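Here is a quick tour of one model, taken piece by piece. Have the sequence and the 3D view handy as you read.

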Amino acid sequence: MHNDDGSFTMHKDGELDVRGAYCAAVVAHLSGIYSEELFANTGEWIAKCQTFEGGFGSRPGTEAHGGYTFCSLAALILLNKTHLINKDQLLDWAVHRQMKFEGGFQGRTNKMVDGCYSFWQGGVFPLLHHILKTDLKANLHDKEWLFSQVALQDYILFCCQYPSGGLVDKPGKSRDYYHTCYCLSGLSVAQHSFENTFVRGDQNNLIEPTHPVFNIVLNKADKMAKYLRSKSGVDEMPSN
């Protein structure tokens, strides 16, 4: 539900944070109903969630966090509002979330590595790569991201696989669907760049690339968008 300040709540009297704005923007774009009026002030509200560290909190005034940072950045791309944020500060914060010893990502400053942030933090880098090249004309090649993809693959493959199936936060933790999903999503990010695929270990470790904004397998994202647009009577995806 859209609020006057641009924020979204999950439902009437529900939670209010950047996840709501991201979910609304994704649904609007995939279904072909996006309009500037529908998202009035949303980009500006999300920009206020960027903290002094460079990452984004759940709402203005809260601590920078990996999940909220991905949702904020992806939503700003969909809203064409990335010019509102400090990109250099965001990059500095993001690159320091990958831990040198483990190779995985922490979600916040001074926290332990967690397998789910393989996507929530790792997934920030394809988005940042695109923004730095388009907005700042940065001289970046498209064969790798600005983090160690090898180290992240090693952490996921060696530390996050549960012996009888599924993936985990870290060794010693229980498996669950949430961490299985986002460890695999992070593994996809680590294996695929815009122009290159690199698989650590056996080629059986290879998984499909996903859409950098929607985190859906590419052909499924396209199929979903076409289906929803046909139902809404919209022929083309609104451009950014």
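Is Lys 137 buried or exposed? Lys 137 is exposed, because its relative accessible area is 65% (buried means under 20%, exposed over 50%, partly exposed in between, with a 1.4 Å probe and protein chains only).

## What we're looking at

This is a predicted model, so local features need pLDDT of at least 70 and side-chain atom pairs count only at pLDDT 80 or more, while totals for chains, interfaces and linings use all residues. Residues are numbered from 1 along each chain as its sequence is written, and side-chain values use heavy atoms, with hydrogens and water left out.

## Two loop residues with positive phi

Lys 137 sits in the loop between H6 and H7 (helices are DSSP runs of H or I with at least four residues, strands are E runs of at least two, and both are numbered from the N terminus). Phi of Lys 137 is near 55°, a positive value in a residue other than glycine.

Asn 80 also has a positive phi without being glycine, near 60°. Look for Asn 80 in the loop between H3 and H4; at 46% relative accessibility, Asn 80 counts as partly exposed.

## H1 against H3

Helix H1 (residues 18-31) packs on helix H3 (residues 66-79) at an angle of about 40°, with the axes 8 Å apart. Axes here are lines fitted to C-alpha atoms, for helices over the stretch in contact, and angles run from 0 to 180 degrees between N-to-C directions. H1 and H3 are therefore oblique to each other (under 35 degrees is roughly parallel, over 145 roughly antiparallel, 65 to 115 roughly perpendicular, and the rest oblique).

On the H1 side, the contact includes Tyr 22, Ala 25 and His 29, and on the H3 side Phe 70, Ala 74 and Leu 78 are among the residues involved (contact means heavy atoms within 4.5 Å). By class, this contact of H1 with H3 has 10 nonpolar, two polar and one charged residues (Ala, Val, Leu, Ile, Met, Phe, Trp, Tyr, Cys and Pro count as nonpolar, Asp, Glu, Lys and Arg as charged, and the others, Gly among them, as polar).

## H4 against H6

For helix H4 (residues 87-95) and helix H6 (residues 124-135), the axes come within 11 Å and cross at roughly 150°. H4 and H6 are therefore roughly antiparallel to each other.

Lys 87, Leu 90, Leu 91, Ala 94 and Val 95 are what H4 brings, meeting Val 124, Phe 125, Leu 128, Ile 131, Leu 132 and Asp 135 of H6. Those residues divide into nine nonpolar, no polar and two charged.

## The core

The largest nonpolar core has 61 residues, and Phe 39, Ile 46, Phe 70, Leu 73, Trp 120 and Phe 214 have the most contacts inside it (such a core is a set of buried Ala, Val, Leu, Ile, Met, Phe, Trp, Tyr and Cys residues joined through side-chain atoms within 4.5 Å). H3 supplies the largest share of this core, 10 residues.

Neighbours within four places in sequence aside, Phe 39 is in contact with residues including Phe 8, Ala 25, Tyr 34 and Leu 79.

## H7 and its aspartate

Buried residues of helix H7 (residues 149-159) include Leu 152, Tyr 155 and Ile 156, and the buried residues of H7 pack against helix H5 (117-120) and helix H8 (177-191).

Asp 154 belongs to helix H7 too, and with a relative accessible area of 17% Asp 154 is buried. Leaving aside neighbours within four places in sequence, Asp 154 is in contact with Cys 159 and Arg 200.
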